[in-house]
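Subject: Structure handover

Hello,

Here is the structure I promised to pass on. Please open it next to this email and follow along.

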Amino acid sequence: MANQRKFFVGGNWKMNGNKSSIDVIVQFLNEGELSSDTEVVVSPPTIYLDYTRQKLDEKVGVAAQNCYKVEKGAFTGDISPAMIQDVGCAWVILGHSERRNVFGESDALIGEKVGHALGAGLNVIACIGEKLEEREAGSTADVVFRQTKAICSNVSVNDWSKVVIAYEPVWAIGTGKTASPEQAQEVHQQLRDWLKENVSPAVGESTRIIYGGSVNEGNCRDLASKPDIDGFLVGGASLKQEFVQIINACV
C-alpha cells in the first residue's frame, strides 16, 4: 500500500445479525486497539443502521449495504441516501456482486446510484469483480474495466476523494478461496493504471482500491503488503473478533 493512501477496512455484515450479536461486535470494536492508520467502516443490515451507529464509537464509520438512485418516491423496499444520512451514517456500499448477480442490477443502474449517492453527500464503496468463468476465459480485465467505466462516468472530479473501489472476484466471495496476493495485486495495478489513463493520473494515484474475497486473519498481512492493495472489504470475518487483526494488518 502506498503511504499517501490511508488503509481502509470495511466490514460487510450482509444479511446477518441481530441486536444481541451486534452488541458483541460493537464491544470488541469499541474496546479493541484499532490502528489509527486504518479507516474502519462497518455495514449492518438496513434495519440496524440506526442501532449500530448509536452504539459504535465515532472512530468507526457505518455504511448502508445499498440504496436507490433518487431521493424519495414509490420504490417499495428501498432506501435513499437522504435516509442513510438521517440516521447518522456517511457511507454506502454499491454494486456488490450479490446485488449484480442475485438481484440483477446492471452496470448502468449501479453507476446511476453511485452518482446520486455522491451528489447527496455520501461516501461510496463501489464494488467490481469477475465471475469464475470470466477469469477462466481470460476476461478479468475487460469485465472490471467495463464495470469501473460505468462508475467513473457518474463521478465528478471533486467527488473522487469520497470513493473507495472494492475489487471482489466473485469466485472468492464466501467460498474460502482467495485470490493470491499476486493475483490480487495484478488486478489492482491494472485498475490503478486504467484510472490514471481514463480519469487522471492524480485520481489513479490517490484512489483507494481495496480487496474483498475470503479475507481473514491468516491472509490479510500478505495481501496488505502489496503496493496497490489499500485495504479490504471483509465479509464473514467482520462478524468475528479476528476483524480487529484484519483492521491492524497494515501495522
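This is a predicted model: local features need pLDDT of at least 70, side-chain atom pairs count only at pLDDT 80 or more; totals for chains, interfaces and linings use all residues.

Start at strand β4, residues 91-94. Both of its faces are covered. W91 and I93 sit on one side, V92 and L94 on the other, and all of them are buried.

β4 pairs with strand β3, residues 60-64. The sense is parallel, with 2 bridges. For a landmark, look at A63, which stands opposite W91 in β4. To get from β3 to β4, the chain passes through helix α3, residues 81-86. That β-α-β crossover is right-handed.

β4 also pairs with strand β5, residues 123-128. This pairing is parallel too, over 4 bridges. Here the landmark is L94, opposite A126 in β5.

Aromatic pairs

How many aromatic pairs does a search of the whole structure find? It finds 5. Two of them are described here.

One brings us back to W91, whose ring pairs with that of F8. The ring centres are 5.1 Å apart. The planes meet at 55 degrees, so the pair is tilted. F8 belongs to strand β1 (residues 7-12) and W91 to strand β4, so the contact ties together parts that are 83 residues apart in sequence. Both F8 and W91 are buried.

The other joins Y167 and Y211. Their ring centres lie 6.3 Å apart, and with planes at 55 degrees this pair is tilted. It links distant parts of the chain: Y167 is in strand β6 (residues 163-167) and Y211 in strand β7 (residues 208-211), 44 residues apart. Are these two tyrosines buried or exposed? Y167 has 0% relative accessibility, so it counts as buried. Y211 is buried as well, with a relative accessible area of 0%.

A charge over a ring

Look at R99 next. It lies over the face of F103, at 4.0 Å from the ring centre.

K14 lies in the loop between β1 and α1 (19-31). S214 is found in the loop between β7 and α10 (220-224).

That is the list. Over to you.

Best wishes

Key: Residues are numbered from 1 along each chain as its sequence is written. Side-chain values use heavy atoms; hydrogens and water are left out. Buried means under 20% relative accessible area, exposed over 50%, partly exposed in between (1.4 Å probe, protein chains only). Two strands pair if DSSP finds at least two bridges between them. A crossover is right-handed if, with the strands pointing away from the viewer, the path from the first strand over the helix to the second runs clockwise. Rings of Phe, Tyr and Trp (its six-membered ring) pair if their centres lie within 6.5 Å; planes under 30 degrees apart count as stacked, over 60 as edge-to-face and the rest as tilted. A charge sits over a ring if NZ of Lys or CZ of Arg is within 6 Å of the ring centre and within 35 degrees of the ring normal.
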